Amino acid sequence: MQSSFPILTLVTFTPLVGAAIVLLLPRERLNLIRWFALAVSLVTFGLSLVMLGMFDPSNPDLQLVERVTWIQVGSWTIDYHLGVDGLSLLLVLLTTLLVPISILSTWTAVEERVKDFMAFFLLLAMGMLGVFLALDLFLFYVFWEFTLVPMYFLIGIWGGTRRMYAAIKFFLYTMAGSILMLLAIIWLGLQAGTFSLPELIARGSIPAATQFWLFLAFAAAFAIKVPMWPLHSWLPDAHVEAPTAGSVILAGVLLKMGTYGFLRFNLPLFPEASVRLAPWMALLAVIGILYGAAVSYAQKDVKKLVAYSSVSHLGFVMLGLFALNPLGIQGGILQMINHGLSTGALFLIVGMIYERRHTRDVDAFGGLWKVMPVYGALTLIVTLSSMGLPGLNGFIGEFTILLGAFGSEAIGSPWFAGFAALGVILAAIYMLYMFQKMFLGPLDKDENQKLKDLNVREIVTLVPLLVFIFWIGLYPKPFFDLMAPAVDQLSAALQAAALAVP
């Protein structure tokens, strides 16, 4: 459905305009720069709500489509082609929500080169939104690669003591996988004469053997970004060294670019290969769930604990997607949102205590609830959300994924769901262990005696995330309704492909 009003362009490029204006502001006017960047991000969030108002939840097809010829050489064209459906809508909204929250968290955490930081952050927001809205493979790749640049500088300039090592490792890992995806995109474009994703899906004539190799080429880029075990080793370094706002966006949005890539490209473009490889993808997902949980428990650095927990949580998402049925896919999409909310909040919480104590060692704390009761209460809610307590958002996503995986014909065995369920138990162990060590017990360290509780700005930073944690946990129906028609349509195509697989 072609749109006459370019709402998707406005959502995508408002941060770019904001970044350009930030560069014109006087470098010494720090508060002006901060407030302006926050205002731009809030305007972008407002535009995404306008997009939501224009979206028809009952329509499974791509909506608000904008398409203009961008590059034309000979018989093939590259289009500026944007669109949104139930597969991408919630991820766009999550991105526009987390960006202003992340900027608000930098008020005292980022005090050097504030102008440069805000410009890079707004550029990163533009790249992420472009990834979720692009429908031309070439345009998607441009946005995909563009996100590497601002994130590289955010880690490399404003990160911790090993920031350059972490930034280079992040860049090289993700670039290496992306090269294989680029080759696959070029092959598809040359064979079909178009890079339009809807047209490539509609043709559906890729031989099964070719689908296998193309699936692996795309999967190389997406699996690194997720990150799936065993391609995860860049993630803890990037998280630990990144500034708090960078960690929030890295966990909340950038990792979802990988899971979204599987959902948007691998499943509909290569359905037969997806069916054949589903058991293997499920196996890697379950290994990631258990491995991430076990390694999280062993961490003394609380930020590294949260980072490894992402490997486990994103394993649940991948298990849901490759269940290849409506329950699993809807659970996977919702868990992407849940992880962005809960883990984003955890990184904010870690950043708040780090600003006060300049350490993230779990053993450096103890009894914090006695001096920081508001901080302790909010941390408890987020901790319970992350471990999947019923009534909070994490439970809904994990339960739906396990239902989908248990009954999945594509995966072929309920044992995958059984072993994945152990990850829920392990999450409770390492999250409660962390909370007990930091907040309960005696207040026996002098450095913690005079810690100040959260201020108004810090509470305001966390409250929107807590609202959605409870909303999804208590009444998830509106979120499922937004994605259901598109998921049903994708699932039907995958079921048809399954029948064609001998």
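**Tour of salt bridges and a nonpolar patch**

Start at Arg 27, which is partly exposed, with a relative accessible area of 44%. The model is predicted. Next, select Asp 116, the salt-bridge partner of Arg 27; their closest N and O atoms are 3.3 Å apart. This pair links distant parts of the chain, 89 residues apart: Asp 116 belongs to helix H4 (residues 114–133), while Arg 27 sits in the loop between helix H1 (7–22) and helix H2 (30–54). Asp 116 counts as buried, at 13% relative accessibility.

Move on to Arg 264 and Asp 85, whose side chains form a salt bridge of 2.6 Å, N to O. Arg 264 is in helix H11 (residues 244–269) and Asp 85 in the loop between strand S2 (76–84) and helix H3 (89–104), so this contact ties together parts 179 residues apart in sequence. Arg 264 is buried at 5% relative accessibility, and Asp 85 is buried at 5%.

Then select Asp 237 and Arg 162, a salt bridge with its closest N and O atoms 3.6 Å apart. Asp 237 lies in helix H10 (residues 234–241) and Arg 162 in the loop between helix H6 (148–158) and helix H7 (163–192), so the pair joins parts that are 75 residues apart in sequence. Asp 237 is buried at 14%, whereas Arg 162 is partly exposed at 40%.

For the last stop, select Tyr 297, Trp 415, Phe 419, Leu 422, Ile 425 and Ile 429, which make a nonpolar surface patch of about 640 Å². Helix H18 (residues 415–439) supplies the largest share, five residues. Leu 422, in helix H18, is partly exposed, with a relative accessible area of 39%.

Note on methods. Residues numbered from 1 in each chain as written. Predicted model: local features only at pLDDT ≥ 70, side-chain atom pairs only at ≥ 80, totals over all residues. Heavy atoms only, no water. Patch = residues over 30% accessible without salt bridge, like charges linked within 9 Å, V, L, I, M, F, W, Y side chains within 5 Å. Areas by Shrake-Rupley, 256 points an atom, 1.4 Å probe, with all protein chains shown as cover. Salt bridge = Lys/Arg side-chain N within 4 Å of Asp/Glu carboxyl O. Helix = DSSP H or I, 4+ residues; strand = E, 2+ residues; numbered from the N terminus. Buried < 20%, exposed > 50% of the residue type's maximum accessible area, 1.4 Å probe, protein only.
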